[in-house]
Amino acid sequence: MSAWCVRLFFTDRVHFGKLGVGLESVEEILHADSLYSALCHAWSARFGANDLTTLIDRFRHDPPFLFSSAFPFLDDTFFLPKPMSPPPGFEQVETRREHGKEVKEVEYLTREHFAAWVQGRPFPFAELEEAAKLLQRVYHKDLIPRVALGRENNRSEIFHVGVLRFARNAGLYFLVRLADEAFLPQLRAALSLLGEMGLGGERTYGLGRFTLRIEQADTSWDFLEGGEGSRVLTLAPFCPPESDLDLVDEICSYGLVERKGWIHSPFTYQQLKRKTVLMFTAGSVFSRLMRGQVLDVTPEAWDAASSHPVYRFGLPFFVRIR
């Protein structure tokens, strides 16, 4: 199984919706399940609905590739979510007293810091603050005005949409593990088309378009190659089958997030919400490998006979922790 790094250089602003009221809130990352949905749209447009059906069936039984959520990068500095288990050396009282605040407040680590954390090497606590400042240079949040007709009086009303504008040589990236390298040309073609279609919301205004760079992971990503350690960390939100929930024990450290949203399909005009799913967040740590699943989230009112089933990607992207 080969590992690849896919960089997305956005040509304009992007809007990734966040749970809450209105469109003002925006997320800094693109979750793997949203990336999967967008990829399926592009795959269908590029190779046809029948080819997409075959791909989805493979993902449900024997995934040809797995991918992480999309995280920020700046030049050759890649950021990953902070593990939810303590860093090496944090068992020492003096270390916790001196660096506890920085460890608690940081959300993302550079690739080098992340590798030290999961591989059990001496961790450079003093560098966390500088890494956090570097992350602030990756993107800038802004609000852009939009005009809509009011529902009650048909008058023009202004609302605002939260967007991200990435710095030059910055954007988002995600990691791919290819179990079947025969899929690489198709994956590259679908992602290239997706770059023209755009990611996230407000695509009709030109937001979310990107150019693409795919590179095979080099030795700086060595923590992706299995490694030692009995525990695992996921770099993608995932949902295990109910039978695997017994594997969640007191050694695990995890977060939970609700994933829901509206259905968008090029094959039907139905406007319904998908079933809500509770998932483990990226950065969650478990005492052993767990299975994920591609969930059927088709709402009961959805006319699947005239359209298609609706799925949510819930497969993990695991890294071992020493």
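Before I show the pocket, let me say what I mean by the word: a pocket here is an open set of grid points with protein on both sides within 12 Å along at least five of seven lines, and its lining residues are those that have an atom within 4 Å of a point. Please keep in mind throughout that this is a predicted model.

With that in hand, the second largest pocket has a volume of about 350 Å³, and its lining is made up of 19 residues, among which Leu66, Arg177, Leu289, Pro316 and Phe318 lie nearest the centre. Strand S2, residues 65-67, and strand S16 each supply at least two of the lining residues, and the largest share, three residues, comes from S16.

Strand S16 brings me to the sheet it belongs to, which is an open one of three strands in the order S13-S10-S16, paired in the antiparallel sense. Strand S13, at 285-286, and strand S16, at 318-321, stand at the edges with a single partner strand each, so one side of each has no neighbour in the sheet. Strand S10, residues 231-234, pairs with S13 over two bridges, and if you look along that pairing you will find Leu233 opposite Val285 of S13.

Now to the charged side chains, where the count comes to eleven salt bridges. Are the two partners buried or exposed? Asp76 counts as exposed because its relative accessibility is 52%, and the cut-off for that class is over 50%, whereas Arg7, with a relative accessible area of 5%, is buried. Both of these residues are also linked with Glu215 in a network of salt bridges.

A second bridge joins the side chains of Arg259 and Asp33, at 2.8 Å from N to O, and this pair links strand S11 with helix H1, the two residues being 226 residues apart. Here Arg259 counts as buried at 11% relative accessibility, and Asp33 counts as buried at 1%. The side chains of Lys260 and Glu258 also meet in a salt bridge, at 3.7 Å from N to O; Lys260 is partly exposed at 40% relative accessibility, and Glu258 is partly exposed at 40% as well.

How values were computed:
Residues are numbered from 1 along each chain as its sequence is written. This is a predicted model: local features need pLDDT of at least 70, side-chain atom pairs count only at pLDDT 80 or more; totals for chains, interfaces and linings use all residues. Side-chain values use heavy atoms; hydrogens and water are left out. Two strands pair if DSSP finds at least two bridges between them. Helices (H or I, at least four residues) and strands (E, at least two) are DSSP runs, numbered from the N terminus. On a 1 Å grid over the protein atoms alone, a cavity is a set of points where a 1.4 Å probe fits but cannot get out, and a pocket is an open set with protein on both sides within 12 Å along at least five of seven lines; lining residues have an atom within 4 Å of a point. Grid points are joined across faces, edges and corners, and a volume is the space filled by probe spheres set on the points. A salt bridge is a side-chain nitrogen of Lys or Arg within 4 Å of a carboxyl oxygen of Asp or Glu. Buried means under 20% relative accessible area, exposed over 50%, partly exposed in between (1.4 Å probe, protein chains only).
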